[in-house]
Amino acid sequence: MTLGEKIKEARKQAGLTQEQVAEKLMVSRQAVTKWETDKGIPDIENLKNISKFLNVSIDYLLDNNQDMNKSVIRETIDLSDYGKGRRKAKKDKIIREKYPDAVINTLLGKLKLGKNEKIIDNTLGFLTSAPFGIPDFINEVKNLDKEFYLVNQGDKQFLVIISDEFIESRELTQKITEKKFEIGEWKFINCGRIKSERR
């Protein structure tokens, strides 16, 4: 049984719809559909939340699912090991060390708003003259510690997220060539290659 089939079965056992799961996990219904049809893989945090909400163990979800283990690698890091300076510069150094022979592009990543967040966003925009959406702003603040990279190494492509505590590399099944694209709950803009390190 695949990860998607296990998520779908657990959801049905709990008597829930995809919409209810999406609302509880604060993701789009399309994200849940992608997970259940094995067209997308939940990140570590969503996997933990799925496990808790649907009352199944992470071990059960991942057991005999080699694709999941092969495609996502998460390692802890300590930014203080990379000297002084800006966090972005340290994270650029980490990605260059991890993928020394790869072509590395920096990405601007933004969480997509869920249905309820869009309603709140539109309502607040109508009632106030806020120059930005409140839910959008909150999502950006929550993810300030993350840097995103698109890495091309040989015939493989990886989406890499570096936070202040970890580096997570996800091998992509389809190569991305567009400047703007979406993966799971995220929208990305390719900002070009990272600057080479000054020597």
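This is a predicted model: local features need pLDDT of at least 70, side-chain atom pairs count only at pLDDT 80 or more; totals for chains, interfaces and linings use all residues.
Seven strands make up an open sheet with antiparallel pairing, and their order across it is E1-E5-E4-E3-E2-E7-E6. At the edges stand strand E1 (72-76) and strand E6 (180-183), each of which pairs on one side only. On average, and with direction ignored, neighbouring strands of this sheet are turned by 30° against each other.

Moving into the sheet, strand E2 (residues 103-111) and strand E3 (residues 147-153) run antiparallel and are joined by five bridges. Within this pairing, Leu-107 has Phe-148 of E3 as its bridge partner. On to the next pair: E3 and E4 are linked by seven bridges, again in the antiparallel sense, and here Leu-150 stands opposite Leu-159 of E4. The hairpin of E3 and E4 has two residues between the strands, and Gly-154 in this hairpin takes a positive phi near 60°. E4 also pairs with E5 in the antiparallel sense, this time over five bridges. Ile-162 has Ile-167 of E5 as its bridge partner, and the hairpin formed by E4 and E5 has three residues between the strands. Helix H7 (residues 87-98) lies across E1, E2, E3, E4 and strand E5 (166-171), and runs at about 20° to E3.

Is Gln-157 buried or exposed? Its relative accessible area is 3%, and because buried means under 20%, Gln-157 counts as buried. The side chain of Gln-157 makes a polar contact of 2.9 Å with the side chain of Asn-152. Beyond its neighbours within four places in sequence, Gln-157 is in contact with several residues, including Leu-150, Val-151 and Asn-152. Further contacts of Gln-157 include Arg-170, Glu-171, Leu-172, Gln-174, Lys-175 and Ile-176.

At the start of H4, a side-chain oxygen of Asp-43 comes to within 3.3 Å of the backbone nitrogen of Glu-45. At the other end, just after H4, Asn-55 has a positive phi of about 60°.

Asn-55 takes this positive phi although it is not a glycine. Where does Asn-55 lie? Its place is the loop between H4 and helix H5 (58-62). With a relative accessibility of 70%, Asn-55 counts as exposed. Met-26 sits in the loop between helix H2 (18-25) and helix H3 (29-36). Its relative accessibility is 68%, and because exposed means over 50%, Met-26 counts as exposed.

Conventions
Residues are numbered from 1 along each chain as its sequence is written. Side-chain values use heavy atoms; hydrogens and water are left out. Buried means under 20% relative accessible area, exposed over 50%, partly exposed in between (1.4 Å probe, protein chains only). A polar contact is a pair of N or O atoms within 3.5 Å; within protein, one must be able to donate a hydrogen and the other to accept it, and residues adjacent in sequence count only if both atoms are side-chain atoms. Contact means heavy atoms within 4.5 Å. Two strands pair if DSSP finds at least two bridges between them. Helices (H or I, at least four residues) and strands (E, at least two) are DSSP runs, numbered from the N terminus. Axes are lines fitted to C-alpha atoms, for helices over the stretch in contact, and angles run from 0 to 180 degrees between N-to-C directions.
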